[in-house]
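Reader: I have just opened this entry. Could you take me through it, one question at a time?

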Amino acid sequence: MGRYLAIRFGRAALTIVLVVTFAFVVLRLSGDPALMILGPEAPPEVLAAFRKAWGLDDPIWFQYLDYFGAIAKGELGRSMRDGRPAIELVLERIPATLALTLPAFFFKVALGVPAGIYAALHRGSAIDRAVMMTAVAGFTVPSFVLALILVLVFAVQLGWLPSGGQDSWRHAILPIATLSLGGAAVLARFTRSAMLEVLGQPYIRTASAKGVPWRKVVTSHALPNAAIPTVTILGFMVGTLIAGAVVVESVFSWPGVGRLLVVAVANRDLAVVQCILLLVAMTMVTSNLVVDFLYGFLDPRLRAKGAHA
Amino acid sequence: MAALVNIQDLRVAFSGVPVLRGVDLALQKGEAVGLVGESGSGKSVTWLSALGLLPRQATVTGSVRLDGRELLGAPASELDQVRGGRIAMIFQDPASALNPVLTIRKQLCEALALHRDLQGNAVKAEARRLLDLVGIPDAGRRLEAYPHEFSGGQVQRIMIAMALAGNPDVLIADEPTTALDATIQAQILELLSSIRREFAMAMVLISHDLGVVAENCDRVAVMYAGRIVEQAPANQLFADPVHPYAQGLIGALPPLDGPRRRLTAIPGTVPDPAKMPDGCAFAPRCAMAAEACNLAAPPLAPIANDRVVACIRAEASRRALLGIAAE
């Protein structure tokens, strides 16, 4: 088991290093932060001084090693725009983002999972078809389109809700609805197919054949098995809690991590972008690890394999 | 004697395509009946439909009576009492027949809790006793194991233990040994027949293996394309099959003694259920088919005591049988 854990953690660390490296290289190849932040009219000597101050003149491999050395010491760099530590900028945005993504996660699960289960149990019924049609729509319509439609209907036409900003809880409703609907659709589809797969298994027939009432066949035989694939997608959704609302935050001018990321990328504010990506990679990797352990908990067959590995 | 289970004119169609086309079968208390036929002939569907275990797309008509009570269309709560409690069923593929995420104890105790008046520790003790009975060593500890920790033969033993949990009057064994290797097969069949004797249970052994059926059953029904075409006491059927299909099946078996001979195969294939011939379903493959065979499907008709055959040549066979008896 120890070896198994070590391999898992090793892989997780490697993933994070790769993400950070990729971000580092791409950002440095795609534009000059000095020009972006100071503007094209800035005098050459000012630009040169800026580049020198932030170490942008150094060879890229030198910057790269420097960067990792700093991370090892727990320093994630400073924003080139206002000189504050990048981690501080990011951390202060996290509550705003979580204020959207956590309720959205709750609604995704609360809507998507029961809808998927119901559709599977009533396969071919009118409700199944309605659920699947909604799910396909929610799945295919991009979140910014959905966001704009919701704004058009509830903010512009009906005037019930504000179209952007962060002044009260009412401002959060449309962004949360946008995030929830898309996610619930994905979850409903996934849960339905997981459930249908399980309901077709011989052990479900065995349970019925020994006289277990259908309701109990579903709850104690089908659901625990259908949970295994569904947890995968849930883990993925947990991984997107920090930065899964980039588009929605932009549409609704919600000052969260997503908005910060968009602005930082536009300005090539390297430290901030890298800090966010590091954080995202870490949440993704952590939620994947948690999912792996949940598998072991849910599926005794994997537990045995894990113990041997 | 009134039959324990009486199936009359049982018909099943999947999305309009008939797969069972009028099955009549009676099962007496304590007897072992074999149900043989090729895959798709309706052996399993007969019992799955009788117990209401088919998917909803299936339309089932006819009558299945258990002690005179109609099972088709019975309310779910009544069926749940029958399933496992009066009629238990075990299936072909032991590997997937048990729930992979539940321990053996949970699955066994669930059946016990449903059909027996047992509480607390008595449930677990009974579960252990059943595992012992079917020959799982170290039953107490093995109760906490999961299905994947057992071999195929052991899982089938556990399935049998689970089937016994409700003290059923009938055990339907649907190809119980098909997925197992030959030595394990023999052990499982031995276990089934010893348990049957001990519990005075009736058993329906569904199999495409004629040898298995010959050894373990009192009576055999041969199914072809959704119908029973011949029914007879096991020894008589194997010694002297009347229906050309039964003759073909038995002719395809290698004899254990006597000179080596070429095995005969039945020519052609089973007709597509969606395109059944108007007359006898076997006529297109039958060496003895006559014009009349294509007109109407022959009904099951008695040719001797305990023997019924669905073939227009049955009358001739009956005379032949009586002739032999008169000599």
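Author: First, a definition. Helices (H or I, at least four residues) and strands (E, at least two) are DSSP runs, numbered from the N terminus. Residues are numbered from 1 along each chain as its sequence is written, and chains are lettered from A and ligands numbered from 1 in the order in which they are written. The model is predicted: local features need pLDDT of at least 70 and side-chain atom pairs count only at pLDDT 80 or more, while totals for chains, interfaces and linings use all residues.

Reader: Where is S15(B) placed?

Author: S15(B) is not a glycine, yet its phi is positive, about 45 degrees. A residue is buried if 20 or more other C-beta atoms, placed from the backbone, lie within 10 Å of its own, exposed if 12 or fewer, and partly exposed in between. S15(B) has 8 C-beta neighbours inside 10 Å, so it counts as exposed. Its place is the loop between β1 (5–14) and β2 (17–27) of chain B.

Reader: Is D138(B) buried or exposed?

Author: D138(B) lies in the loop between α5 (121–133) and α6 (139–142) of chain B. D138(B) also has a positive phi, about 55 degrees, although it is not a glycine. Because D138(B) has 10 C-beta neighbours inside 10 Å, it counts as exposed.

Reader: How many helices are there in chain A?

Author: The C-alpha atoms of chain A fill a box of roughly 85 × 60 × 30 Å along the principal axes. Of its 309 residues, 35% count as buried. Chain A has zero strands, and its helices number 14.

Reader: What share of the contacts in chain A between residues at least 6 apart in sequence join residues at least 24 apart?

Author: Two residues are in contact if their C-beta atoms, placed from the backbone, lie within 7 Å. Counting contacts in chain A between residues at least 6 apart in sequence, the share that joins residues at least 24 apart is 73%.

Reader: Which element gives the largest share of the side of chain B that touches chain A?

Author: The contact uses 20 residues of chain A and 26 of chain B. On the chain B side, α2 (76–82), β6 (87–90), α3 (94–97) and α4 (104–115) each give two or more residues. The largest share is four residues, and it comes from α4(B).

Reader: In what order do the eight strands of the open sheet in chain B stand?

Author: Two strands pair if DSSP finds at least two bridges between them. β6 and β11 of chain B each have a single partner strand, so one side of each is left without a neighbour in the sheet. The pairing is mixed, and the order is β6-β7-β8-β3-β9-β10-β12-β11.

Reader: Which way do V170(B), I172(B) and D174(B) point from β7(B), and which residues point the other way?

Author: In a regular strand the side chains alternate between the two faces of the sheet. All five residues of β7 (170–174) of chain B are buried. V170(B), I172(B) and D174(B) point one way, and the other way point L171(B) and A173(B).

Reader: Which residue stands opposite I172(B) in β8(B)?

Author: Four bridges join β7(B) to β6(B), and the two run parallel. Five bridges join β7(B) to β8 (202–207) of chain B, again parallel. In β8(B), the residue opposite I172(B) is V204(B).

Reader: Which residue in β10(B) is the bridge partner of V222(B)?

Author: β9 (219–224) and β10 (227–233) of chain B run antiparallel, joined by six bridges. The partner of V222(B) is E230(B).

Reader: Which residue in the turn between β11(B) and β12(B) has a positive phi?

Author: β11 (301–304) and β12 (307–309) of chain B pair in the antiparallel sense over three bridges. Within this pairing, P302(B) has V308(B) as its partner. The two strands form a hairpin with two residues between them, and the turn residue with a positive phi, about 65 degrees, is D306(B).
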